[in-house]
Amino acid sequence: MNIQIFGRNKCFDTKKAERYFKERRIKYQLIDLPRFGMSRRELESVRAAVGLSELIDPKAPDFDLLKYMATDADRFERLLEYPDNIRTPVVRNGRQATVGYQPEVWKAWE
């Protein structure tokens, strides 16, 4: 398993995701989303796994703007440019991905 957790330092669900993998002694890589963001290919991979609407954080500063953008391509570019609008944690395992705290899915990965 090659686990990547994209999250925020002050996000409660990101800390719970870290704890989940630590308790099971599963190695993971934590990436600070606001600081480093996601590459285009990483974001495309996650979008393919969960869908674009799942990626948008309803508490994001640009949520209303994203909701009314004309195309998914515009929304995708906005998420790529401003990763603060992405719901966390984003947990990747190869081509599989989840958004939010979802231990029932992660258990199936083990």
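Me: Which elements do the buried residues of α6 pack against?
Reply: This is a predicted model, where local features need pLDDT of at least 70, side-chain atom pairs count only at pLDDT 80 or more, and totals for chains, interfaces and linings use all residues. Residues are numbered from 1 along each chain as its sequence is written, and side-chain values use heavy atoms, without hydrogens and water. Helices (H or I, at least four residues) and strands (E, at least two) are DSSP runs, numbered from the N terminus; contact means heavy atoms within 4.5 Å. The buried residues of α6 pack against α3 (40-50), α4 (52-55) and α5 (63-67).

Me: Within what arc do the buried residues of α6 fall?
Reply: Buried means under 20% relative accessible area, exposed over 50%, and partly exposed in between (1.4 Å probe, protein chains only). In α6 (residues 72-81), Arg 75, Phe 76, Leu 79 and Leu 80 are buried. They line one face of the helix, because their directions, seen down the axis, share one arc. With directions taken from the helix axis to the C-beta atoms, that arc is 135 degrees.

Me: Which strands stand at the edges of the sheet?
Reply: Two strands pair if DSSP finds at least two bridges between them. The open sheet has four strands in the order β2-β1-β3-β4, with mixed pairing. An edge strand has a single partner, so one side of it is left without a neighbour in the sheet. That holds for β2 (28-32) and β4 (96-99).

Me: What angle do neighbouring strands of this sheet make on average?
Reply: Axes are lines fitted to C-alpha atoms, for helices over the stretch in contact, and angles run from 0 to 180 degrees between N-to-C directions. For this sheet's average, direction is ignored.

Me: Which residue is the bridge partner of Val 90 in β4?
Reply: Strand β3 (residues 90-93) and β4 run antiparallel, joined by four bridges. In β4, Val 90 is partnered by Val 99.

Me: Which residue in β2 stands opposite Ile 5?
Reply: Five bridges pair β1 with β2 in the parallel sense. Five of the five residues of β1 are buried, so this strand is largely enclosed by the rest of the structure. Ile 3, Ile 5 and Gly 7 cover one side, Gln 4 and Phe 6 the other. Opposite Ile 5 stands Leu 30.

Me: At what angle to β1 does helix α1 run?
Reply: Helix α1 (residues 12-23) lies across β1 (3-7), β2 and β3. Its direction relative to β1 is about 160 degrees.

Me: How far apart in space are Asp 13 and Tyr 101?
Reply: Asp 13 has its place in helix α1 and is partly exposed, at 26% relative accessibility. Not counting residues up to four places away in sequence, it touches Thr 88, Pro 89 and Tyr 101. Asp 13 and Tyr 101 are 88 residues apart in sequence, yet their C-alpha to C-alpha distance is 5.7 Å.

Me: Is the aromatic pair of Tyr 101 and Trp 106 stacked or edge-to-face?
Reply: Rings of Phe, Tyr and Trp (its six-membered ring) pair if their centres lie within 6.5 Å; planes under 30 degrees apart count as stacked, over 60 as edge-to-face and the rest as tilted. Tyr 101 is partly exposed at 31%, whereas Trp 106 is buried at 0%. Their centres are 5.4 Å apart and their planes 85 degrees, so by the cut-off over 60 the pair is edge-to-face.
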